[in-house]
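Hi,

Here is the structure I promised to pass on.

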Amino acid sequence: MTRTAAARIPTPDGEFQLIHFRNNWDAKEHLALVMGEVTGRTSVLVRVHSECFTGDVLGSQRCDCGEQLAAAMHAVAVEGSGVIVYLRQEGRGIGLAEKLRAYNLQDEGYDTVDANLLLGHQADERDYTPAVLILQALGVASIRLLTNNPAKVESLQSHHFPVVQRIPMQPSVTHENAAYLSAKVRRMRHLLDLNGHVAAQTDAPVYTPLLTQLSKQAAARFHSTGQPFVTLSYAQSLDGCVAAQPGKHLDISAPPSLTMTHALRASHDGILVGIGTALADDPSLTVRLVQGDNPQPVVVDSHLRLPASAKLLQMPRQVWIATTDAAPQERQRALEAAGARILRLPATANGQVDLAALLIRLGEMGLGSLMVEGGPSILTSFLAARLADYAVVTVAPIFVGGVHAVNQSLDPSPEKLPRITNPQIVQVGPDVTIWGALA
Ligand SMILES: NC(=O)c1ccc[n+]([C@@H]2O[C@H](COP(=O)([O-])OP(=O)(O)OC[C@H]3O[C@@H](n4cnc5c(N)ncnc54)[C@H](OP(=O)(O)O)[C@@H]3O)[C@@H](O)[C@H]2O)c1
């Protein structure tokens, strides 16, 4: 970290030196705003502030960043010396464009953490290494850190930089930032006293009864049969489609339904998709939008077509691939080398994995409940063989005119068609979800 240039900046709080740094750590232009003498000093008052264009420059009320920056400058001025390290990691490290996208998701009801996760980011991608390098370059010996964020203190300490005290910063709670601050407290461990200003936590989601029913029924079934309780879950359009074109992914349901899907994943022991879905969507099948454990991923793949580059092979849980004896041995070796576990099972007359035999095997392997997330060929096979216990079908208010959820005739006689008995119907965001036991 090397000083590039510095200049005197008079502010309403007094005169600061603004120091520009260049560094070998990242490609960003980090800054330090310094007042008074800090070189060789201990217990220097410091704020490590991550850039927030909307809060710092525009005074956006969506966050408390601008207020924190102003309060830190004021606190340093009152003390007569100190440093504000200004790190160029906008939007908790995801950049301004992605932060704006995350704001739109927040306006749809996601909190600040889920919005980042949904966009494929981490909840917080900031790196405080440059702050340590800047403080070292300034010759600061130890600091009192103005922050509510324990992760910031832990990060500086993990670099062996002495933080002798954390000084909390009390934000003003407004109707615009209350949910954001509340999420920081609930999801990011921020140490904040919100003085009861925060909007009441959202009520339990409308699908909570579904999760309760499912766990009870799943436990009972596994106990009595030793086989997993099977829930079919998918999202379809008003015209019954799950995709626009064969083998192509289409986002059908709205974000609140996606959160429900993650809650469903978290409430099952296993999650199963067909190889068609694994190839089209390259899913990770993990739980990201709610708290909970990842279910055991299972892919039904009679000929071991799953590529070694599939995301499922990079996930924390080892993927199980159900296949048949017809699958080539060299594909088994390649997939095992990539981390998969291969389950060889009997084949049906048309050479596909026998799903009844698979359920017996999964029960023996300890899976008490299995969520089947598609696609149409697998859903159809489960329905046709009457192997599913429950269905959770989300209907989004769109027309697609594409690939239907059930892609073959199930039974010629209408009275024998699979149906949800006693269906429960709830609205989840703009979508409608129908769930219930299958008969
Ligand atoms: N909207 C939603 O909720 C949703 C959910 C999931 C998927 N999708 C969409 O669905 C599409 C993929 O559907 P898909 O029908 O092609 O794929 P799929 O149902 O995921 O997988 C079908 C494949 O699984 C294998 N399989 C093995 N044993 C089987 C058995 N007993 N019964 C049926 N299949 C068996 C077959 O390939 P092998 O013979 O090679 O083994 C078959 O082609 C994609 O466009 C995806 O985006 C939508």
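**Strand pairing and the sheet**

In β18, tyrosine 390 has alanine 437 as its bridge partner. That pair belongs to the contact between β15 (residues 390-395) and β18 (residues 431-438), two antiparallel strands joined by six bridges. Bear in mind throughout that this is a predicted model.

Both strands sit in an open sheet of nine, with mixed pairing and the order β13-β12-β11-β10-β14-β8-β15-β18-β17. At the edges you'll find β13 (341-345) and β17 (420-428), each pairing on one side only. On average, neighbouring strands here are turned by 20° against each other, ignoring direction.

**Helices on the sheet**

Helix α12 (residues 355-364) packs on this sheet, and among the strands it touches are β8 (229-236), β10 (270-274) and β14 (369-372). The direction of α12 makes about 130° with that of β13, which α12 also touches. Then there is helix α13 (residues 376-384), lying across β8, β10, β11, β14 and β18. Helix α13 runs at about 135° to β8.

**Cysteines**

How many disulfides are there? The count comes to zero. Cysteine 65 has its closest cysteine sulfur in cysteine 63, but the two sulfurs are 3.5 Å apart, and a disulfide needs them within 2.5 Å, so this pair is too far apart for a bond. Is cysteine 65 buried or exposed? Cysteine 65 is buried, because its relative accessible area is 14%, under the 20% cut-off. Cysteine 241 counts as buried too, at 0% relative accessibility.

Cheers

Notes: Residues are numbered from 1 along each chain as its sequence is written. This is a predicted model: local features need pLDDT of at least 70, side-chain atom pairs count only at pLDDT 80 or more; totals for chains, interfaces and linings use all residues. Side-chain values use heavy atoms; hydrogens and water are left out. Two strands pair if DSSP finds at least two bridges between them. Helices (H or I, at least four residues) and strands (E, at least two) are DSSP runs, numbered from the N terminus. Axes are lines fitted to C-alpha atoms, for helices over the stretch in contact, and angles run from 0 to 180 degrees between N-to-C directions. Contact means heavy atoms within 4.5 Å. Buried means under 20% relative accessible area, exposed over 50%, partly exposed in between (1.4 Å probe, protein chains only).
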